[in-house]
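Subject: Structure handover

Hello,

Here is the structure for you to look through. My notes follow below it.

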Amino acid sequence: MSYVPPLLHPSHCLSSPQSSPGTQRANARAPAPYKRDFEAKLRNFYRKLETKGYGQGPGKVKLIIRRDHLLEDAFNQIMCYSRKDLQRSKLYVSFVGEDGLDYSGPSREFFFLVSRELFNPYYGLFEYSANDTYTVQISPMSAFVDNHHEWFRFSGRILGLALVHQYLLDAFFTRPFYKGLLRIPCDLSDLEFLDEEFHQSLQWMKDNDIEDMLDLTFTVNEEVFGQITERELKPGGAGIPVSEKNKKEYIERMVKWRIERGVAQQTESLVRGFYEVVDVRLVSVFDARELELVIAGTAEIDLADWRNNTEYRGGYHDNHIVIRWFWAAVERFNNEQRLRLLQFVTGTSSIPYEGFASLRGSNGPRRFCVEKWGKITSLPRAHTCFNRLDLPPYPSFSMLYEKLVTAVEETSTFGLE
């Protein structure tokens, strides 16, 4: 893992991404319009967590993380805690050598960074789905990673902790992954998220009369270590021809095989870790799409929503020339740069499902804020605990644009004011 040396900008809980946050999020499937009942469901879910004492203390889970050993430190510490500690305790994260107070800025950055590494196909636990390079799923090759069952349990715990403490993750999973987490059986439509061609061929079978057309039996060819072997989908499957009458069962078994192929035990470990942190009955109110929104937020940034939910301090207001330039700059950014700006100021590149009105700070909801601060020679700086951008009163649009891009692309650590 490469280590980015800290660039010390004096600030309270200063941050910015080390590399592109969720670059691929920009093209992520935008969720369908939110339903009111989902919002009510989510409020109810968080209320229940609170009344049951989740994340309330008095115990503390303290994580002391070295940036250059992020995954290793997180794994060693989180796996030591008992189920009860993980559910009940307050969470504190600090990065070694950075005395940023954890008003949740470091915690948010921690979940952002850990999810970006843990779910990165580079480490071999997860792989990109067949359809794109932003949704990931458990990789069958993960069986060859040392101690992989514990790593999947750890992954589940990270998902659970993010859910309980209301931090968003920088990871998008396939729909079958969320169904697996909820222990909901997958159906043919879920295959589309995993393997489009495979889905199309089974869909064709489902939609057409296949009597005397296909020469198939209840078997499937599996490739293991480069060797093709025939596997029966049910006992004696090699002797059972697929017909119009039994094709429904064949399709169901094929879907189950394709989704679980080489990953059933890993999924079980991950689900176990997840439910060590959060009660299965609480989570079961969500369907797979809703759980996706709760865990990963949304992708495309709505500029009007952002602007409408921004506050100003220190003499700035919506019509101030510097603020007009600021929004003109953000408008000129592509979606990835906007996500980076958001991550620079808030510590995460995700927006809650209800939009910018629900951005969270260190102690509850806190809107995005732009404050007049500093000399025109300074770079903008950020306070992730308070979702605040300190923006000097630059004399021209071009200067503001250049300084903003520099700050967002280059700063990368927490410090203390």
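The charged end of Arg67 is placed over the ring of Phe95, at 4.2 Å from the ring centre. There is another case of this kind at Phe218, where Lys234 lies over the face of the ring, 5.2 Å from its centre. Please keep in mind that this is a predicted model.

Aromatic pairs

The count of aromatic pairs comes to 25. One of them is Phe111 with Tyr167: the ring centres are 5.2 Å apart and the planes are at 20 degrees, so the pair is stacked, the limit for that being under 30 degrees. Phe111 has a relative accessible area of 1%, so it counts as buried, the cut-off being under 20%. Tyr167 has a relative accessible area of 14%, and it is buried as well.

Phe326 and Trp327 also form an aromatic pair, with 4.9 Å from centre to centre and 70 degrees between the planes, which is edge-to-face. Both Phe326 and Trp327 are buried.

Apart from these pairs, there is an aromatic cluster made up of Phe119, Phe126, Phe152, Phe173, Phe177 and Tyr178.

Helix 15 and helix 16

How do the axes of helix 15 and helix 16 cross? The axis of helix 15 (residues 335-346) comes within 9 Å of the axis of helix 16 (residues 397-410), and the two cross at roughly 70 degrees. Angles from 65 to 115 degrees count as roughly perpendicular, so helix 15 is roughly perpendicular to helix 16.

On the helix 15 side, the residues in the contact are Gln337, Arg340, Leu341 and Phe344. They meet Leu404, Ala407, Val408 and Glu409 of helix 16. By type, the residues of this contact are five nonpolar, one polar and two charged.

The chain as a whole

The chain has 417 residues, and 53% of them count as buried. Its secondary structure comprises 16 helices and 13 strands. Among contacts in the chain with a separation of 6 or more, 72% are between residues 24 or more positions apart.

Regards

Terms used:
Residues are numbered from 1 along each chain as its sequence is written. This is a predicted model: local features need pLDDT of at least 70, side-chain atom pairs count only at pLDDT 80 or more; totals for chains, interfaces and linings use all residues. Side-chain values use heavy atoms; hydrogens and water are left out. Rings of Phe, Tyr and Trp (its six-membered ring) pair if their centres lie within 6.5 Å; planes under 30 degrees apart count as stacked, over 60 as edge-to-face and the rest as tilted. Buried means under 20% relative accessible area, exposed over 50%, partly exposed in between (1.4 Å probe, protein chains only). A charge sits over a ring if NZ of Lys or CZ of Arg is within 6 Å of the ring centre and within 35 degrees of the ring normal. Axes are lines fitted to C-alpha atoms, for helices over the stretch in contact, and angles run from 0 to 180 degrees between N-to-C directions. Helices (H or I, at least four residues) and strands (E, at least two) are DSSP runs, numbered from the N terminus. Angles under 35 degrees count as roughly parallel, over 145 as roughly antiparallel, 65 to 115 as roughly perpendicular and the rest as oblique. Contact means heavy atoms within 4.5 Å. Ala, Val, Leu, Ile, Met, Phe, Trp, Tyr, Cys and Pro count as nonpolar, Asp, Glu, Lys and Arg as charged, and the others, Gly among them, as polar.
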